[in-house]
Amino acid sequence: MRMLPLAIAVSFAATATAFAAPPVKTVESEKGPVLAAANGMTLYTYRDDQKGVSSCYDACAKNWPPFMVEGNATAEGAYSIVERKDGSKQWAKDGMPLYFWVKDKKMGDITGDGVKGEWDVARP
């Protein structure tokens, strides 16, 4: 019977891990450290967005895919979750929605930085 409380504690710990903050990390680029998804691809912010609101849809979202929330992840610290108009969820840092750039091909690429004067690499 003493094992049951331990099993319950282990189960809760595993559940807490499953609902962790976004899978992000810092990677080095030619302009210094940038924020990237777990896959190593650089994340960007869009100057036309407002805190907590994405304005990148349709053709914009094809070139700048949103950094989508997987499963039942929860916001933590500087990271929040933005609901898109279709009901899907996107990660944001400091309230600003995060995106990938389709022309980045490998970890550390930052080819989207400064595009049309509207896109910036996300900084850790």
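Visitor: What should I know before we start?

Guide: This is a predicted model, where local features need pLDDT of at least 70, side-chain atom pairs count only at pLDDT 80 or more, and totals for chains, interfaces and linings use all residues. Residues are numbered from 1 along each chain as its sequence is written, and side-chain values use heavy atoms, with hydrogens and water left out.

Visitor: What makes Cys56 and Cys60 a disulfide?

Guide: A disulfide is a pair of cysteine sulfur atoms within 2.5 Å. Cys56 and Cys60 sit at 2.0 Å, S to S, so they pass. The structure holds one disulfide.

Visitor: Why is the disulfide of Cys56 and Cys60 called left-handed?

Guide: Look at the torsion about the S-S bond: it is about -105°, so the disulfide is left-handed.

Visitor: Are those cysteines buried or exposed, and how do you know?

Guide: Buried means under 20% relative accessible area, exposed over 50%, and partly exposed in between (1.4 Å probe, protein chains only). Cys56 has 0%, so it is buried. Cys60 has 19%, so it counts as buried too.

Visitor: What makes a set of residues a nonpolar core?

Guide: They must be buried Ala, Val, Leu, Ile, Met, Phe, Trp, Tyr or Cys residues, joined through side-chain atoms within 4.5 Å. The largest one here has 14 residues, and Cys56, Cys60, Tyr44, Tyr46, Trp64, Tyr99 and Trp119 touch the most other members. Two or more residues come from each of β2, β3 (44-46), α2 (59-63) and β7 (119-121). Those names follow DSSP runs numbered from the N terminus: helices are H or I with at least four residues, strands are E with at least two. Apart from that core lies another, of 12 residues, among them Met41, Phe67, Trp91 and Leu98.

Visitor: How do you know that Asp113 and Lys31 form a salt bridge?

Guide: The rule asks for a side-chain nitrogen of Lys or Arg within 4 Å of a carboxyl oxygen of Asp or Glu. For Asp113 and Lys31 the N to O distance is 2.8 Å, so the pair qualifies. The two lie 82 residues apart, with Asp113 in the loop between β6 (96-97) and β7, and Lys31 in the loop between β1 and β2. Asp113 is partly exposed because its relative accessibility is 22%, and Lys31 is partly exposed at 46%.

Visitor: What makes Glu83 and Lys89 a salt bridge?

Guide: Their N to O distance is 3.6 Å, so they meet the rule as well. Glu83, at 54%, counts as exposed, while Lys89, at 38%, is partly exposed. A search of the whole structure finds five salt bridges.

Visitor: How do you know that β1 and β2 are paired?

Guide: Two strands pair if DSSP finds at least two bridges between them. Six bridges join β1 (24-29) to β2, so they pair, and they run antiparallel. A hairpin joins β1 to β2 through two residues.

Visitor: Why is β2 called largely enclosed?

Guide: Five of the six residues of β2 (32-37) are buried, so the rest of the structure largely encloses this strand.

Visitor: What makes β4 (79-83) and β6 edge strands?

Guide: The open sheet has the order β4-β5-β6, with antiparallel pairing. β4 and β6 each have a single partner strand, so one side of each is left without a neighbour in the sheet.
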